Amino acid sequence: MRRKSSLGGILFKAVAYTVLILLAILSILPFWIMIVNSTRSTFQVQQSAFALLPSTFLQSNLDVLLGKTFDPMTGFANSMIISVGATVCTLYFSSLTAYALIAYNWKLRQPFFTLIMAVMMIPAQITIIGFYKFMYQLGMTNNFLALILPAIAAPQAVFFMRQFMVASLPMELLEAARIDGSSEFFTFNRIVMPIMKPALATQGIFTFVFNWNNLFLPLVLLTDSEKYTMPIMVSLLKGDIYKTEYGAVYLGLTLTVLPLFVIYFLLSKYIIAGVALGGVKG
Amino acid sequence: MKRRKSFSYAKYGYIFSIPFIITFLIFSLYPTIYTAVLGFTDSKGLGNTSWKILTDDPFRNFKLVLNNESFITGLKNTAAIWMMNFIPQMLLALLLTAWFTSRRSNLKGQGFFKIVFYMPNIITAASIAVLFATLFGYPVGPVNSLLLKLGLIKEKFYFYINKDVSRGIIAFIQFWMWYGYTMLILIAGVKGINPEIFEAAEIDGASGTQTFFRITLPNLKTILLYVLITSLIGGLNIFDIPRLLVPYSGPDNATLTASVFIYNQAFSGSYFWNRAAAASMILFVIIAVCSGILFFIMRDKEAAEHRKAVKRLAKQQSSKLKAQEAK
């Protein structure tokens with residue numbers, strides 16, 4: 001076998017590695033240029049916008065950036081509140097709903113599961129007009145709850161949690177808990193939730209990132225600049241106020257992307273494994 | 001005795017589903033119905049909450065939208081951008097899947113490449129849109145500088161003045177953000193295929209190419225369909241990148257998509273809630289048909305495959321836990 005892979009094998013490997021390395025450069029280069037340019041002055045960028053080595057103007061770019069409407073701290077705090085709130089809601093209530101589907105025999109169980117499967121694909125854009133008008137009438141625009149509470153009903157997450165429970169939740173354990181006199185609610189909180197940890201971690205990462213990156217709904221609902229999330233802040237960078245402040249725009253982008261890089265490189269192993277499960281989405 | 005017991009616990013099934021159901025009714029179902037109803041009304045204007053059903057011609061908004069050149073342009077652009085992105089994305093993902101799962105080639109550094117290829121997918125689409133707007137900027141932009149340096153162009157090029165180039169850049173960004181994801185899904189699919197089939201092929205002397213086209217591809221059919229439909233639905237809703245990349249959707253609405261059209265109708269200009277709602281419903285029907293096809297074909301197979309994959313994760317985790325406990 002090994003003898004056969006002489007010339008053809010070497011040629012194949014040369015081609016394959018070349019393509020892989022080029023694609024890796026393609027993935028990294030835009031972010032690299034972004035980071036490098038965030039340390040270069042407007043004059044340097046104007047001379048040549050393409051550079052691979054950083055310069056020394058980080059501080060002055062930061063001063064320009066923060067001197068205008070871009071406020072990364074507020075954006076960061078707002079995005080954090082929304083993303084954490086929505087993630088907690090999705091994780092807890094999706095597990096609870098999945099548990100209802102797995103642990104109990106009730107009449108509407110199958111129709112309910114079919115409904116969850118059916119609405120899984122409906123995207124937010126489709127119902128935005130009704131949603132916005134409804135929130136407007138309730139006076140809930142500019143209210144983070146309008147972005148957090150809907151996360152309680154996350155069909156994709158319920159589906160994922162259910163599949164995990166089918167595979168790894170021993171029903172005997174629940175019977176044993178019942179015999180010991182544990183209430184159903186206590187059993188779920190103290191026995192089922194800890195078993196769900198691996199699934200909660202995987203789903204949690206994706207729900208968090210989805211909410212963090214979401215532009216459409218916050219852009220529609222949040223009009224008060226004090227309430228802007230990170231992606232809305234990013235859209236401000238395109239405005240006229242930063243028109244020729246190239247270094248500052250790159251720095252603003254770097255600041256919005258940085259938290260995600262940190263999350264990604266700390267958790268990439270789980271994220272890659274999670275993607276492979278398919279269907280795991282916000 | 002036993003039956004009575006299970007009967008008494010059944011109510012918890014309802015109790016534990018209540019939060020989901022109430023939230024779904026309030027935040028999903030009601031807005032959906034509301035949107036559908038608004039499509040038949042005269043609702044417009046910022047802050048104006050009163051509306052009435054159009055009695056003379058209930059379908060007026062739908063007719064207006066379907067006869068609206070911008071909306072048709074938007075749908076065409078959406079379809080064109082999706083096609084330009086999906087076909088190369090699928091081909092590259094298939095090629096990489098073949099390379100990474102081939103037993104003979106045994107490429108090194110797969111973990112690293114997977115992490116790097118998937119990375120753009122996790123970064124905020126809004127940031128990526130603004131980043132690429134700046135990268136392809138004119139007169140100051142890194143791509144222009146690089147092309148000048150390499151001598152590929154003689155003078156700076158204004159990318160976003162050209163309709164096809166603008167659409168191409170959006171399609172490229174989508175391709176760049178999603179081929180890693182598609183590749184990971186396909187690799188997981190290949191790993192789910194019974195290894196005995198591959199062994200049998202090897203014994204029978206099948207070449208790598210033969211194995212891929214005769215065994216791997218046919219066995220991936222369900223997953224390919226899943227990727228196709230989810231990508232189609234995502235593609236039909238594309239908003240962040242076309243909205244932020246090119247100001248005012250470029251010349252002749254070159255990069256206007258269906259979602260951007262809906263947004264513009266509802267949240268700018270005259271605040272035509274009714275027309276935006278009608279356009280949403282038209283998009284909804286298109287997506288529902290796509291989802292329906294997916295749901296119909298995948299209802300059994302997907303669940304089984306998913307369960308297998310989740311089981312694998314659970315096993316990995318529990319063995320990891322055991323290893324930790326052993327320490």
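1. Let me start with the contacts of chain A: 76% of those with a separation of 6 or more join residues 24 or more positions apart. Two residues count as in contact if their C-beta atoms, placed from the backbone, lie within 7 Å.

2. A word on conventions before going further. This is a predicted model, in which local features need pLDDT of at least 70 and side-chain atom pairs count only at pLDDT 80 or more, while totals for chains, interfaces and linings use all residues. Residues are numbered from 1 along each chain as its sequence is written, and chains are lettered from A and ligands numbered from 1 in the order in which they are written.

3. Chain A has 14 helices and zero strands (DSSP runs numbered from the N terminus: H or I of at least four residues for helices, E of at least two for strands). The C-alpha trace of chain A spans about 75 × 75 × 35 Å along its principal axes.

4. In chain A, 45% of the 282 residues are buried (20 or more other C-beta atoms within 10 Å of the residue's own, all placed from the backbone; exposed means 12 or fewer, and partly exposed is in between). Helix H11 of chain A, residues 197-213, has 13 of its 17 residues buried.

5. Now to the contact between the chains, which takes 82 residues from chain A and 83 residues from chain B. On the chain A side, helix H14 (residues 246-276) gives the largest share, 14 residues. That side has 59 nonpolar, 18 polar and five charged residues (nonpolar: Ala, Val, Leu, Ile, Met, Phe, Trp, Tyr, Cys and Pro; charged: Asp, Glu, Lys and Arg; polar: the others, Gly among them).

6. The model scores ipTM 0.89 and pTM 0.87. Chain B has a mean pLDDT of 86, with 92% of its residues at 70 or more; pLDDT is the predictor's confidence in each residue, from 0 to 100. Over residues 1-7 of chain B, pLDDT stays under 50. Where pLDDT is low, the predicted coordinates should not be read in detail.
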